[in-house]
Amino acid sequence: MILDYKDGWLWPTFRYNESYVRLMRTLPGRVVVRDRKAWIVPCWHIEEVADKLTPLGFVLSPAAKVYRDKLRLHLEALARARSQPEAYAGALADVMYPFQRCGAGFMKLAGSALNADAMGLGKTIQTIAAASECASVLVFCPSSNKYGWQKEIA
């Protein structure tokens, strides 16, 4: 019995057993792939899935172990970004409030993020700061804001 990682999904492989099927039904986000007679679970649930399946004798494949370790490191980095206002220390840090530096640091570490907050809290400056080292950025905003963005970037 193995728990494999492929294409963003966890693939538990086992011989049919009614108790395993009952357990599979408790996993978050699980889907049945009928043509392959398999269950799949979104990969970001790997900790919970591993906690439930390893006591039954399931073993994580090497790919699943690598993914789990990378996910743990990524989540730790995001937690640090949330808790440390100095997580962003780029060129714009001097003109930002601590909560803005925290938001910019989080977005920078996340790799992709949605910055949505109340008006007037500095979403524009946080996003510009986080995206300053990115190769490409896609911003969705009302067309009336594009001139404000141009001004802030300049």
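Visitor: At what angle do helix α3 and α4 pack, and how far apart are their axes?

Guide: Before the answer, a word on the source: this is a predicted model, in which local features need pLDDT of at least 70 and side-chain atom pairs count only at pLDDT 80 or more, while totals for chains, interfaces and linings use all residues. Residues are numbered from 1 along each chain as its sequence is written, and side-chain values use heavy atoms, with hydrogens and water left out.

Helix α3, residues 62-83, packs with α4 at an angle of about 165 degrees, and their axes are 8 Å apart. The helices (H or I, at least four residues) and strands (E, at least two) are DSSP runs numbered from the N terminus, and the axes are lines fitted to C-alpha atoms, for helices over the stretch in contact, with angles that run from 0 to 180 degrees between N-to-C directions. The angle makes α3 roughly antiparallel to α4, on a scale where angles under 35 degrees count as roughly parallel, over 145 as roughly antiparallel, 65 to 115 as roughly perpendicular and the rest as oblique. The crossing of α3 with α4 is right-handed, a term used if the near helix is turned clockwise from the far one by less than a right angle, whereas anticlockwise gives a left-handed crossing.

On the α3 side the contact (heavy atoms within 4.5 Å) is made by H74, A77, L78, A81 and R82, and on the α4 side by C102, G105, F106, L109 and A110. These residues divide into seven nonpolar, two polar and one charged, where Ala, Val, Leu, Ile, Met, Phe, Trp, Tyr, Cys and Pro count as nonpolar, Asp, Glu, Lys and Arg as charged, and the others, Gly among them, as polar.

Helix α4, residues 98-110, also packs with helix α5, residues 123-131, at an angle of about 40 degrees and with the axes 8 Å apart. That angle makes α4 oblique to α5, and the crossing of α4 and α5 is right-handed. From α4 the contact takes in F99, Q100, G103, A104, M107 and K108, and from α5 it takes in I125, Q126, T127, A129 and A130; the division here is six nonpolar, four polar and one charged.

F99, another residue of the contact with α5, is partly exposed at 44% relative accessible area, and Y97 is exposed at 56%. The rings of Y97 and F99 have their centres 6.0 Å apart and their planes at 10 degrees, so the pair is stacked; rings of Phe, Tyr and Trp (its six-membered ring) pair if their centres lie within 6.5 Å, and planes under 30 degrees apart count as stacked, over 60 as edge-to-face and the rest as tilted.

The structure holds five aromatic pairs, and one of them, F14 with F58, is edge-to-face at 6.0 Å centre to centre and 70 degrees between the planes. F14 lies in the loop between β2 (9-13) and α1 (18-24) and F58 in the loop between α2 (46-53) and β5 (59-60), so the pair ties together parts that are 44 residues apart in sequence. F58 is buried, at 4% relative accessibility, and F14, Y20 and F58 form one aromatic cluster.

The loop between α2 and β5 also holds T54, which is partly exposed with a relative accessible area of 37%. T54 and M1 are 53 residues apart in sequence, and their C-alpha atoms are 9.4 Å apart in space.

D7, in the loop between β1 (2-6) and β2, has a positive phi near 50 degrees without being a glycine, and D7 is exposed at 77% relative accessibility. K37, in the loop between β3 (31-33) and β4 (38-42), has a positive phi of about 50 degrees and is likewise not a glycine; its relative accessible area of 79% makes K37 exposed.

Key. Buried means under 20% relative accessible area, exposed over 50%, partly exposed in between (1.4 Å probe, protein chains only).
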